[in-house]
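Thank you all for coming; I would like to take a few minutes to walk through one structure with you. Please have a look at the sequence and the fold before I start.

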Amino acid sequence: MILNNENYYSQNSNSEYMSVSQYKQFQKCEAATMAQLRGEWLQPKTTALLVGSYVDAWFEGTLEQFRAENPEIFKKDGNLKADYIQAENIIRRVQKDELFMDYMSGEKQTIRTANLFGTKWKIKMDSYHPGKMIVDLKVM
């Protein structure tokens with residue numbers, strides 16, 4: 001399987017490749033992780049996950065698509081819910097930080113694979129500066 005942005009998070013991709021997130025899930029509960037891989041259980045979208053994804057989408061230039069695919073971030077009147085207004089505040093704040101923006105100026109959402117210890121692994125880097133650094137964005 002050749003990984004791309006469309007299939008990276010798919011059930012097939014998760015069955016073929018290990019990721020750090022999946023490894024951590026196995027550490028928490030092997031049965032739940034296996035149920036997820038078999039398609040028997042889907043992890044619910046949490047507000048924390050969606051807020052982080054909102055900021056990620058802004059950095060990768062896909063915020064409008066993210067908004068369209070996640071109508072639950074809006075109130076009935078069409079305005080953003082408070083948590084996503086806070087995400088907008090986070091975005092405005094980090095834009096003012098030159099060093100932070102420099103770190104995030106690398107190649108966006110770069111996918112790489114490797115075989116480690118007989119297992120296929122995948123990684124999707126938030127900001128990749130070849131030969132220099134990998135930046136993993138975390139929003140709290």
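Let me begin with a question: which side chain does E64 meet in a salt bridge? The partner is R67, and the N to O distance in that salt bridge is 3.4 Å, where by salt bridge I mean a side-chain nitrogen of Lys or Arg within 4 Å of a carboxyl oxygen of Asp or Glu.

Before I go on, a word about the source: this is a predicted model, in which local features need pLDDT of at least 70 and side-chain atom pairs count only at pLDDT 80 or more, while totals for chains, interfaces and linings use all residues. Residues are numbered from 1 along each chain as its sequence is written, and side-chain values use heavy atoms, with hydrogens and water left out.

Back to the pair, then. Because E64 and R67 sit three residues apart in helix 5, which covers residues 63-69, about one helical turn separates them. E64 is exposed, at a relative accessible area of 56%, whereas R67, at 22%, is partly exposed; here buried means under 20% relative accessible area, exposed means over 50%, and partly exposed is what lies in between, with a 1.4 Å probe and protein chains only.

The structure holds six salt bridges, and one of them brings together the side chains of E16 and K120, at 2.4 Å from N to O. That pair links distant parts of the chain, since E16 belongs to helix 1 (residues 11-16) and K120 to strand 2 (residues 119-129), 104 residues apart. E16 is partly exposed at 29% relative accessibility, and K120 is partly exposed too, at 34%.

Another salt bridge joins the side chains of D136 and K138, with 3.1 Å between N and O. D136 counts as partly exposed at 49% relative accessibility, while K138, at 64%, counts as exposed. Salt bridges that share partners also join E64, R67 and E88 into one network. As a general point, side chains of opposite charge can pair when their charged atoms come close.

Let me now step back to the whole protein. It has seven helices and three strands, and along the sequence these follow the pattern α-α-α-α-α-α-α-β-β-β; helices (H or I, at least four residues) and strands (E, at least two) are DSSP runs, numbered from the N terminus. The C-alpha trace spans about 45 × 40 × 25 Å along its principal axes. Of the 140 residues, 31% are buried. Among the contacts with a separation of 6 or more, 45% come from residues 24 or more positions apart, a contact being heavy atoms within 4.5 Å.

Finally, I would like to turn to helix 4, residues 47-60. Its 14 residues reach 20 Å from the first C-alpha to the last, close to the 20 Å expected at 1.5 Å a residue, that expected span being 1.5 Å times one less than the number of residues. Which residues of helix 4 are buried? They are L50, V51, G52, Y54, V55, A57 and F59, and the buried residues of this helix pack against helix 5, helix 6 (82-95), helix 7 (98-103) and strand 1 (107-116). Just after helix 4 comes G61, which takes a positive phi of about 80 degrees.

That is what I wanted to show, and I am happy to go back to any part of it.
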